[in-house]
Amino acid sequence: MRTEYREHLEAFNQDVLEMCDTVREIMGHATAALLERSLEDAEAALTEADSLKDISERCEDRSMRLLALQNPVASDLRQVVSAIYIVESFERMGSLARNIALLARQRHPHPVYPEALHGYVEELARLVYEMGATTRQLLVEPDADVAVELHTIDEGVDDMKAYLYSLVSDREWEYSTREAVDLSMLARYYERYADRCVSVASRMVFLITGLKPEAYLRQRDEVDYDPEQKFATIERKFRTRG
């Protein structure tokens with residue numbers, strides 16, 4: 001019975017990984033459609049988005065079978081429940097990437113945002129792509145320290161979104177109202193995608209440690225805290241001043 005359960009669990013994990021790969025592919029095509037004004041990439045993103053529903057339904061079916069038909073031990077139960085929340089995040093990430101592709105297709109062959117701001121949008125997309133890559137890495141090689149680092153990258157995404165918002169709300173905005181609205185929507189889509197990456201990372205921290213990220217950081221920092229080393233640093237500083 002346990003062998004059968006582990007086989008079902010492994011199949012479920014593979015479906016979650018496939019879902020992650022599909023979401024990243026959707027976002028890759030959507031970003032290419034946006035930055036390169038590629039209608040082909042926009043259509044590819046929308047096609048991939050349609051296939052995401054089938055994977056999601058398969059994951060839901062597997063998770064219900066694992067919970068209802070088996071008797072998971074605590075660690076397995078934690079894994080299944082965490083994966084259910086992760087699938088939900090991937091569903092939302094796919095929808096957000098799809099929105100970017102739709103916007104790029106709608107404005108084609110014209111740019112979605114002013115050309116002068118291309119570098120800012122490109123950097124925002126790069127940060128989000130990096131977060132997506134790290135999210136996949138966590139599914140393959142779970143690591144609580146890597147997971148909490150996603151919060152730092154997410155702060156960069158938040159800063160970029162805030163900066164773009166400040167541009168479009170400035171009284172001296174020199175472009176059209178349509179471009180201001182589109183750029184604001186883009187920034188929001190990417191920021192929400194990044195937030196979902198953080199949500200997946202938080203679930204991975206819980207899965208690995210049984211703790212929320214904040215509690216894990218406190219515990220980790222307490223372990224790393226060396227009072228003698230800290231005191232020696234203070235002593236050296238004041239001796240140098242003297």
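T22 touches E48, S51, L52 and I55, leaving aside residues up to four places away in sequence. T22 itself sits in helix α1, and its relative accessibility of 8% puts T22 among the buried residues, because buried means under 20% relative accessible area. Helix α2 spans residues 39-69. The model is a predicted one, and every value quoted here is computed from it.

D15 forms a salt bridge with R62, and the closest N and O atoms of the two are 2.4 Å apart. Since D15 belongs to helix α1 and R62 to helix α2, this pair ties together parts that are 47 residues apart in sequence.

R105 forms a salt bridge with E43, with the closest N and O atoms 3.3 Å apart. R105 lies in helix α3 and E43 in helix α2, so the pair ties together parts that are 62 residues apart in sequence. R105 is partly exposed, with a relative accessible area of 34%, and E43 is partly exposed with a relative accessible area of 34%. As for D15, E18, R58 and R62, salt bridges that share partners join these four residues into one network. The count of salt bridges comes to 14.

D54, E57, E60, E88 and E91 gather in a patch of negative charge. Which elements each supply at least two residues of this negative patch? They are α2 (39-69) and α3 (74-107), and α2 gives the most, with three residues. One of the members, E88, is found in helix α3 and is partly exposed, with a relative accessible area of 42%.

A nonpolar surface patch of about 390 Å² is made by M64, L67, L77, V81 and Y85. The elements that give two or more residues to this nonpolar patch are again α2 and α3, but the largest share, three residues, comes from α3. Y85 lies in helix α3 and, at 39% relative accessibility, counts as partly exposed.

Helix α1 runs over residues 2-36 and includes G28. The C-alpha atoms of G28 and Y129 are separated by 7.8 Å, although the two residues are 101 residues apart along the chain. G28 is partly exposed, with a relative accessible area of 32%.

Is K161 buried or exposed? With a relative accessible area of 16%, K161 is buried; the cut-off behind that label is 20% relative accessible area. Residues up to four places away in sequence aside, K161 touches A187, R188 and E191.

These local features belong to a protein with eight helices and zero strands. From the N terminus on, its elements run α-α-α-α-α-α-α-α. Of the 242 residues of the protein, 40% count as buried. Among contacts with a separation of 6 or more, 81% are accounted for by residues 24 or more positions apart. The accessible surface of the protein comes to about 13500 Å², and 49% of this surface belongs to carbon and sulfur atoms.

Note on methods. Residues are numbered from 1 along each chain as its sequence is written. This is a predicted model: local features need pLDDT of at least 70, side-chain atom pairs count only at pLDDT 80 or more; totals for chains, interfaces and linings use all residues. Side-chain values use heavy atoms; hydrogens and water are left out. Patches are made of residues with over 30% relative accessible area and no salt bridge: like charges are joined within 9 Å, nonpolar side chains (Val, Leu, Ile, Met, Phe, Trp, Tyr) within 5 Å. Accessible areas come from the Shrake-Rupley method with a 1.4 Å probe; for residues, only the protein chains shown count as cover. A salt bridge is a side-chain nitrogen of Lys or Arg within 4 Å of a carboxyl oxygen of Asp or Glu. Lys and Arg count as positive and Asp and Glu as negative; His and the chain ends are not counted. The place of a charge is taken as NZ of Lys, CZ of Arg, CG of Asp or CD of Glu. Helices (H or I, at least four residues) and strands (E, at least two) are DSSP runs, numbered from the N terminus. Buried means under 20% relative accessible area, exposed over 50%, partly exposed in between (1.4 Å probe, protein chains only). Contact means heavy atoms within 4.5 Å.
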